Amino acid sequence: MKAALSLKKSWYGLIFLVAAIPTLILLIWGGVMYYRLLVEKSLQQEDFFRKQAVILVEQEILRLQTLLENKSDPVAYTLARNQDKRLLDELLTTITLREPEIHLLMIIDANGKLVAGRETYHNHLVPLDRLDELLKHWPYKPTELPDEVALPLKGQHYVGPVFYHPEGSFFAISVPVGSTEKPLGVLLAHVDAAILWRGLQSRMHRENVTSYLVDSEGVLLARFGDSPQAGLEAGVQFGVGKKLDGMPVVAALLAGQDWPHDQIYTGINGVPVFGSPFVISSLGLGIITEIERDKLLAPIRKLLSKMGLGISIVLIFFFWLGIRLLRMVIVPIDSISRDFSRVAKQDYKPSMLHPAFEELQALVAGFNHMVTEIEHNQQKLHRASVVFENTSEGILITNAEHKIVSVNRAFTEITGYSEDEVMGRNPSLLQSGRHDEAFYKAMWQSIKSTGQWSGEIWNRRKNGEIYPQLLNINTFVNQKGELTHHIGVFSDISNIKDAESRLEHLAHHDALTDLPNRLLCIARLEHELQVAKRSGEQVGVLFIDLDMFKNINDSLGHAKGDHLLQQVAKRVQENIRGEDTFARLGGDEFVMIAGAIKGRQDIAQVAENTLAIFSHPFLVDEQDVFISASIGISIYPDDGEDTDTLLRNADVAMYCAKSEGRNNYQFYMPALTHRVQERLNIETCLRQALKKNELMLYYQPQYSLDSQQMIGVEALLRWRHPEMGMVAPDRFIPVAEETGLIVPIGEWVLKTACQQLKAWQDAGCAPERMAVNLSARQFWKPGLAKVVQNILTETGIEPGFLELELTESIIMHDTDIVSDTLATLHEIGVELSIDDFGTGYSSLSYIRRFPLDRLKIDRSFVRDIMSNPDDAEMIVSIIALGHSMKLKVLAEGVETLEQLQYLQMQGCDEVQGFYFSKPLPADELGALLTLPVADTRKS
C-alpha cells in the first residue's frame, strides 16, 4: 500500500536534507544569494525613487490640467456674455501669478482667434492692444490650428510633448472652455519645462546617483547629479541638447524595449553603472537614473565578509530554532486540517486553536469567519426555502432552455399539477388557448428587452378550468451576463375578477332587489327608443309606485319594508315578458319598459296584468301584507321622444292614478301636467302656510243622543290662501301626507285645539272633549306620547278632555310600536277613538287588543242608511260590536232627521253632522256651546 504524503513528513525530510548539506556549500550559496539580494534591493530602491520622480512629474501635469479645467467655467461664463476682456485678463493674471511654471496662458475662441493672453517672462499682463504682439510670438492660424487648439475645440483635453523655443523648452496643456459638446473656446498654457525640472531637483538628488532627462529623439534636456554643482543649472550649461542615442540604455528607451536594471554599462560619466529608464508618457520624455557599480557594490562586499563569519557561528542555533518553529507551524496546521474535516460533515463549530504565528492566526480567523458565513448562508437558504414553499403566490422557475426546474407548493395548489408532473416540461402546458400568438410574442419581446414582464394572463388548471392570473416574469443572469433562469410569480385573481364583475353588476343594479337601477333603466330605455325609431313600433313606460308604502315602513319597520320590496320585485319580474325591463328607481318607485308594442291596448294589458299581481297578499316574515300600486303610463313617441320626457310624463300620470283613488293606472295626457304643476304649487305654498298664519281650525259639534247636549267638538283643519282662497282639505291634506308636512302641521293642530279648549274652559262654556285627528305619519314618528304630554302641560288641559282619533290603517298593524304607543297615551289619560270605522279591513280582530274609548261610524254608511239595507246592517253590527266591548259609538255625517231617529233606535251613543251644524270657526262655535240641541239645529 502506497504511503500517504503529508505536510508533516515533508517538513521533517527537508530538515534532514538541510542538516546533511555541508556547511561550506550553505555558506557559498547563502553568500551569493544574499549578494544578489542586496544588489537587487539597492536597485529596487533606486527604481522606487525613479518611479516617484515620474509620478511627481505626472502629478504636477495633472494638477496644472485640473487647475485649467476649474478655471474654464468662469472663462466660459465670461465668453458667453460678449467677452468681457477685463474679467478675462484678471483671471489670467491670477493664474499666472499663482503658477510660476506657466510661461504663457491664452484664451482662444471657437474660431481660433486669440481673445486674451499672459506671458510671464515679461512679468506683465499683455494689454488688449498688444494681443497682436503676443500673436507674433505664438501665432495660430484658424485654418491651420495645431492639436493643442484643435483637439480642445472638439471637447478633448490636450497635453503635448516638450518642444523647443528661443526662450526655452516648453510643453502645452489645453482644455475646452464651456460644454464639451460645443466648446466656446480653448484655455491654453505653455509650461516651462526647466522650472518644472527645478522642482524635481530635491526629489531626484541621491548620493552616488546621476539622473537625466531625454526627449523622444534622445536629446539631453536636463541632468541631476549627486552634488549641487551637478544640478539643473550645471546640467543646462553642460551637455544640454546633446544627442545620447548612442548609449545602450537610451537606445532601448527610444526603441521601447525593456531594460534590466541589473545590467552594467558605461554611463554618462564614463564609468560602469547600473541604470534604468522610465517614460513620462504624457510628455514623451524619458528619465534615466544611473548608480556607479563600484560605489554600489563596495558596502555589500564588505558586509558579506562580515556575515560569513557570523553565519558559521549562528548556523547551529538557527538550525535548532528552525526545528522549533516548524513544530509550532505543523501542530496548528494539523489541528486546522481536522477542523476542515469537521466542516465536510456539516459541523460548523468555530476552531478553538490559538497559534503563535500571525499568519496561522489569520488562517484560524478566516476559518472561523468561513464557518460562520456558511452557517449564516445555510440559515438564509432555509428561510428562503420556507418562504418559497409557504408563500401564497405560485412560483415557477425555468432554466435558459425554458424547462421547469422548480415549483413551490402554491403552484401545485393553484394549477393542480404536482412537481413531478411539470419538472423538465415547458410552461406552455399551462396555456389556456385564449391568447393568440401576437400576445406571447409581445410578452417575450418585453422579457428580452427589459428582463421582465408583468400583466394578466389566462391559464388552464390540470382539470381543464381556465382562470385568470396576475403574472410577473423576471430573468436572472450570471456574473458574465449570461441568461441562466426565468422565474415566474403568479397569483390566482379569480376572486378579484369575480369581485369586479359583482361591482359592475352593483353599479347597474339595485342593491336591495337586484333589479336594474336608474342608470341601467335609462340605458335600456334609450336602446328601446333607438330600436323603435328603426322599426316604427311604440315603447311603453310604466311608472309604478306602491300605495301607502310609508305606512308599511312606519308600522312594520324598515327591515320588513325592504323585504316587501324584494317580494314585489321578485313577483313582478317573474310575470313580465323576457324582453321587458323592470327597474327600481329608488324607495317604492319602479319603472317597467315594454318595447315593441302596437298601441295603447297592449300597454293597458301590461298595466292590468301588473295590477293583478298586487291582488294577492305578500308574505313578509310569515305575515300576509296587502298592498296596491298606482301606475302612470307614457308612450313613445306620442308622449315624448327622449328618456327624460317619457319618465317625467309617466310620473305625472302615476300621480293622477293616486288622485283617482290609487290601485289603478292612468295614461299620460297633457292636461295632467297642469294638475301636477297645481300640486307642486300647493306643496310650495303649503310649506309656507304655517309661517304665514294661513292655517286655521274649524270645529264641528258632537252631540249625545241621550242628553241632546253638545258633548264635544272635532277640530278640522282649514287653509285660507291669499290668492287661492279657501283650499279644500282634500286638495292639500294628501299633499301634506305625501311630503311629510303633516307632522309639523299635525302638532300645530293639536296645540291650537288645546289652546282653544283652554280658552273656552276659562270662559266657562267648554265642551267635554276636544277631538283631534292623528295622521299615520304623525303616529309613527317616535316620541308622539311625549309631544302630547308636553302640549297638555303647556296649555294646562287635563288629559281626559282630549280625544285623539286614529285611522284603521294605523291599528291594523299588530306591532309592538302600536301597542306601546296606545298604552302610553292611555296611561296619560287621553281618550282614543277609531275614525271612519268600517271602511278598512283586517282590523276588527285587533280592536280588543288596544285601549280604545270610541268607534266612529264612517259617513259613507250613514248617508245611505235609509235606502241601503247593507249599510243599515253594518251600522247595527258596529253599534253592537262597540257596546260589547264597552266602547262608545259615534256616527258621522248625520244630515236628516230620519237618519238621527234610526241611530237612536239602534242605540247609537253620539252623532255629528250637518243636521246639527257644519264646521264653524272658534268664535261662531262659542255661541252654540250654551244652547240646547233644538236651538243649535236652528242655528
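This is a predicted model: local features need pLDDT of at least 70, side-chain atom pairs count only at pLDDT 80 or more; totals for chains, interfaces and linings use all residues.
Residues are numbered from 1 along each chain as its sequence is written, and side-chain values use heavy atoms, with hydrogens and water left out.

**The chain as a whole**

The protein chain has 31 helices and 33 strands. Helices (H or I, at least four residues) and strands (E, at least two) are DSSP runs, numbered from the N terminus. Of the 939 residues in the protein chain, 44% are buried. Here buried means under 20% relative accessible area, exposed means over 50%, and partly exposed lies in between, with a 1.4 Å probe and protein chains only. A contact means heavy atoms within 4.5 Å. Among the contacts in the protein chain with a separation of 6 or more, 59% are between residues 24 or more positions apart.

A disulfide is a pair of cysteine sulfur atoms within 2.5 Å, and by this rule the count is zero.

**Helices**

Helix 10 (residues 358-390) has 33 residues, which at 1.5 Å a residue should span 48 Å; its end C-alpha atoms are 47 Å apart, which agrees. The expected span is 1.5 Å times one less than the number of residues in the helix. The buried residues of helix 10 are Leu360, Val364, Phe367, Asn368, Val371 and Phe388. An α-helix has 3.6 residues a turn, so residues three or four places apart point the same way.

Two packed helices are described by the angle between their axes and the distance between the axes. The axes of helix 15 (residues 518-535) and helix 19 (residues 643-659) come within 10 Å and cross at roughly 110°. That makes helix 15 roughly perpendicular to helix 19. Axes are lines fitted to C-alpha atoms, for helices over the stretch in contact, and angles run from 0 to 180 degrees between N-to-C directions. Angles under 35 degrees count as roughly parallel, over 145 as roughly antiparallel, 65 to 115 as roughly perpendicular and the rest as oblique.

In this pair, Ile522, Leu525, Glu526 and Leu529 of helix 15 meet Thr643, Leu646 and Leu647 of helix 19. The residues of this contact divide into five nonpolar, one polar and one charged.

**Loops and backbone**

The peptide bond from Tyr636 to Pro637 is cis, with omega near 5°. Pro637 is in the loop between strand 23 (629-636) and helix 19.

His402 is not a glycine, yet has a positive phi of about 65°. His402 is found in the loop between strand 13 (394-399) and strand 14 (404-407). Gln708, also a residue other than glycine, has a positive phi near 60°, and is in the loop between strand 25 (695-704) and strand 26 (710-721).

**Single residues**

Glu803 is in strand 29 (residues 802-807). Leaving out residues up to four places away in sequence, Glu803 touches Arg769, Met770, Ala771, Val772, Glu831, Ser833 and Arg854. Gln789 lies in helix 24 (residues 784-795). Gln789 and Gly829 are 40 residues apart in sequence and 9.9 Å apart in space, C-alpha to C-alpha.

The table gives the accessibility of some residues.

| Residue | Relative accessible area | Class |
|---|---|---|
| Glu803 | 0% | buried |
| Cys754 | 1% | buried |
| Cys685 | 18% | buried |
| Gln708 | 28% | partly exposed |
| His402 | 30% | partly exposed |
| Gln789 | 32% | partly exposed |

Key: Ala, Val, Leu, Ile, Met, Phe, Trp, Tyr, Cys and Pro count as nonpolar, Asp, Glu, Lys and Arg as charged, and the others, Gly among them, as polar.
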